[in-house]
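Let us walk through this structure step by step. Keep the sequence and the 3D view side by side.

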Amino acid sequence: MRRRQFATVGKLAACALIALWSLAPIVLIVTSSLKPENEIFAVPPTLGFSPTLKHYAALWERWPDFFAALGNSLIVTVGATLIALAASIPAGYAYSRFQQRWVQASAFWLIVVRLIPPIVVTLPLFPLVNALGLADTHLLLAVLYATFFVSLGAVVMRSFFDQVPRELDEAAAVDGAGRWMTLIRIIAPLGAQGALAVAVFVIVFAWNDFLFAFIFSATRAKTAPLVLSEMVGNFDGVDWGVLFAAATVQLAPILVFVLAAQKHLVAGLSAGATKG
Amino acid sequence: MREALATRLGMIAPAQALIAAVIAGPALYLVWLSFHTSSYGAAAVFVGLENYARVLGDAYFWRALANTAVIVLVVVHLELLLGLAMALLFASGVPLRRVMLAVVIAPYAVSEVAAVVMWRFMTDPDVGHVSALLRAVGLPMLEWSVVPAHGMVLVALLSVWLHLPFTFLILYAARLALPTELYEAARIDGATGWQAFRRITLPLLIPALLVAALFRLIFAFRLFSEVWLLTQGGPARSTEVVAVYLYLEAFRYNAFGAAAATGWLMVVGSLVLAAPYLWRLKRAARDAA
């Protein structure tokens with residue numbers, strides 16, 4: 001009996017430790033963004049503070065750039081998600097239904113190519129993008145983010161389409177529907193769970209990425225993480241309150257989204273990891 | 001039949017076109033670049049393997065490679081260990097399971113930049129709460145902007161924090177997929193918890209552990225943002241990792257050829273690091289077949 005109690009206490013302690021490790025940094029930033037200056041630095045951190053929005057007001061006043069960048073992040077994220085889905089849904093369907101060797105080889109190719117790190121690709125892309133006049137555009141960033149998740153997207157979609165019985169395809173064919181029509185009208189809606197999982201990956205990546213935004217955007221297409229990094233880079237006069245407010249604004253929507261879509265994230269990860 | 005071929009091609013074309021235009025094509029161009037000397041805007045001259053020789057003869061490259069290897073190996077194995085422990089804890093039942101899952105997943109949503117803001121503040125020598133805690137218990141502070149080793153410790157901590165949700169989720173999903181009958185049989189046979197772990201859980205989780213390790217080794221090798229945003233590779237280029245070295249060669253020193261060579265060395269490096277796991281995974285797949 002004592003042993004069981006001991007185990008329960010141990011388990012609770014482990015959970016508390018995990019929660020502290022996982023949440024403390026996030027909670028600290030979010031609460032500190034609402035604290036008056038003198039309380040931000042209180043040790044230990046205060047919990048019963050009187051919340052103030054002054055850092056958010058200061059952010060609005062001093063960093064109008066940041067809010068424009070949030071808009072850019074939104075455009076780029078939506079664009080990347082649409083492109084990634086438009087490319088990986090038909091590919092996933094083809095890889096699930098067509099067993100020809102060249103089709104399957106092209107699926108393998110998608111995975112192999114992903115061994116090349118994104119930063120390596122930025123080198124040859126840089127002059128090319130400038131020549132094409134695509135530097136610092138929303139389109140470029142959206143295409144980059146989409147491409148780096150097309151491989152995983154196709155694999156995840158394939159494993160979801162594998163669960164959809166082929167009899168449905170055959171029935172549609174008997175009714176005279178072509179492959180595309182079958183995919184769009186019948187199969188794709190049944191793979192919506194998979195599409196959601198792919199969307200979660202792309203959205204998190206596009207909303208949060210620093211590397212591509214850092215190299216390929218300057219003013220027009222500047223995303224929120226990039227402006228945030230400029231605020232961090234203000235070495236001498238880091239205004240922690242404003243910085244916390246900006247970090248909170250950048251973080252809050254995606255955090256809420258990820259927690260709401262948790263189920264799809266887990267499903268997508270297990271589909272991608274076991275089949276990929 | 002011709003219609004069917006057109007359909008197949010059409011369905012895989014968008015994905016393949018994106019990959020070809022953004023990754024595969026540029027990668028081929030990179031091969032060409034790595035054999036030429038060119039700075040941005042100037043005409044290229046063929047130099048054979050000179051770029052590779054230059055990079056391989058550069059002490060900064062080796063330091064960056066060593067830093068990367070150490071950080072990657074520490075980070076990935078720490079993640080596997082913690083992820084496995086947490087997966088087993090969750091599988092054995094935790095209070096408020098759904099809430100706890102959300103808690104563990106939360107860092108997955110945090111951008112590298114926001115994470116750097118958090119950890120930089122917490123470990124700030126003057127005002128950070130972690131610094132205050134370390135001081136209170138008499139431990140040395142993390143002077144990450146002055147002491148290179150401390151900078152690397154902070155980068156490693158940050159990486160583990162950001163990527164533990166991913167590793168955990170893979171291992172947790174794999175653990176949940178194990179048949180419960182095995183554990184019942186083991187209990188009836190009088191196996192202790194440790195024996196069940198050693199004889200059932202661990203062997204059956206090997207494939208998932210290998211997959212997680214492979215994913216993370218290959219991705220961790222690309223480490224750039226955390227280092228760039230924390231130390232920019234400093235002080236005196238001591239905390240550079242390969243990706244930062246590559247970036248500086250290309251965009252600060254304007255040596256695209258050397259940077260291109262670094263790019264290929266980076267691909268090779270991540271494969272070499274991942275090779276033992278890849279080999280084990282292949283063997284595990286063959287044993288299972």
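In which helix of chain B does B:Val74 lie? B:Val74 lies in helix 3 (residues 59-91) of chain B. Helices (H or I, at least four residues) and strands (E, at least two) are DSSP runs, numbered from the N terminus.

Before going on, some ground rules. This is a predicted model: local features need pLDDT of at least 70, side-chain atom pairs count only at pLDDT 80 or more, and totals for chains, interfaces and linings use all residues. Residues are numbered from 1 along each chain as its sequence is written, chains are lettered from A and ligands numbered from 1 in the order in which they are written, and side-chain values use heavy atoms, with hydrogens and water left out.

Start with chain B as a whole. Chain B has twelve helices and two strands. Along the sequence, the pattern reads α-β-β-α-α-α-α-α-α-α-α-α-α-α. The C-alpha trace of chain B spans about 75 × 75 × 30 Å along its principal axes.

Now look at cover. Chain B has 289 residues, and 54% of them count as buried. Buried means under 20% relative accessible area, exposed means over 50%, and partly exposed lies in between (1.4 Å probe, protein chains only). Helix 5 (residues 112-122) of chain B is mostly covered, with ten of its eleven residues buried. Among them are B:Val113, B:Trp119 and B:Phe121.

Return to B:Val74. This residue is partly exposed, at a relative accessible area of 41%. B:Val70, B:Val74, B:Leu78 and B:Leu82 form a nonpolar patch on the surface. Together they have about 310 Å² of accessible area. Like charges are joined within 9 Å, and nonpolar side chains (Val, Leu, Ile, Met, Phe, Trp, Tyr) within 5 Å. Accessible areas come from the Shrake-Rupley method with a 1.4 Å probe; for residues, only the protein chains shown count as cover.

Turn to chain A. A:Ala195 sits in helix 10 (residues 192-208) of chain A. A:Ala195 is buried, with a relative accessible area of 13%. A:Thr81 is 114 residues away from A:Ala195 along the chain, yet their C-alpha atoms are separated by 9.9 Å.

Finally, how confident is the model here? The mean pLDDT (the predictor's confidence in each residue, from 0 to 100) of chain A is 90.

Definitions and conventions:
Patches are made of residues with over 30% relative accessible area and no salt bridge: like charges are joined within 9 Å, nonpolar side chains (Val, Leu, Ile, Met, Phe, Trp, Tyr) within 5 Å. A salt bridge is a side-chain nitrogen of Lys or Arg within 4 Å of a carboxyl oxygen of Asp or Glu.
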